[in-house]
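The entries follow the order in which I checked them.

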Amino acid sequence: MYMKVILASLMATLLLSGCQSVQIEQQEEHQARLARVLEGFAALEANEIKEWESPRYDVLRKHMVNNTDNITPEMLGSDKKPTVEEKDAIFEWANFGMEMNKER
């Protein structure tokens, strides 16, 4: 009886130590995958920034407000329509965004 308890304890210890090593392996694998995903997102973000800095979007950037405190009532009440050049830039930026979403 005493021998069975010792063997059962030994088996349980071996099984648990094996499970821990599997858990550690899985954790390391998960961390490596997470690092690759984060690198991919960083690359996509860098592409978005590079694209946005393109001169094609100058017509849009001149209308951008970086701080909501800078919005004036005149801006909100404006009934101006986008020019053809602005519409083209908006269309290009939207297409770029859709392509970037496909890569994600």
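My entries below cover the ground rules, the aromatic rings, one glutamate and a pocket.

**Ground rules.** I am working on a predicted model, where local features need pLDDT of at least 70, side-chain atom pairs count only at pLDDT 80 or more, and totals for chains, interfaces and linings use all residues. I number residues from 1 along each chain as its sequence is written, and side-chain values use heavy atoms, with hydrogens and water left out.

**Aromatic rings.** I paired rings of Phe, Tyr and Trp (its six-membered ring) if their centres lie within 6.5 Å, calling planes under 30 degrees apart stacked, over 60 edge-to-face and the rest tilted. The count comes to 4 aromatic pairs. Trp52 and Tyr57 are stacked, at 5.6 Å centre to centre with 20° between the planes. Trp52 and Trp93 are edge-to-face, at 4.9 Å centre to centre with 65° between the planes. Trp52 lies in helix 1 and Trp93 in helix 4 (residues 84-103), so this pair ties together parts that are 41 residues apart in sequence. Helices here are DSSP runs (H or I, at least four residues), numbered from the N terminus. I noted that ring pairs link Trp52, Tyr57, Trp93 and Phe96 into a cluster.

**Accessibility.** I took buried as under 20% relative accessible area, exposed as over 50% and partly exposed as in between (1.4 Å probe, protein chains only). Tyr57 is buried at 0%, while Trp52 at 23% and Trp93 at 29% are partly exposed.

**Glu51.** I placed Glu51 in helix 1 (residues 2-52) and found it buried, at 17% relative accessible area. Its side chain makes a polar contact of 2.8 Å with that of Tyr57; the term means a pair of N or O atoms within 3.5 Å, one able to donate a hydrogen and the other to accept it. Leaving aside neighbours within four places in sequence, Glu51 is in contact (heavy atoms within 4.5 Å) with Arg56, Tyr57, Trp93 and Phe96.

**Pocket.** I used a 1 Å grid and a 1.4 Å probe, a pocket being an open set of points with protein on both sides within 12 Å along at least five of seven lines, and lining residues having an atom within 4 Å of a point. The largest pocket has a volume of about 380 Å³. Of its 12 lining residues, His63, Ser78, Lys80, Pro82 and Glu86 are the closest to its centre.

Key: Points joined across faces, edges and corners; volume = space filled by probe spheres on them. Helix = DSSP H or I, 4+ residues; strand = E, 2+ residues; numbered from the N terminus.
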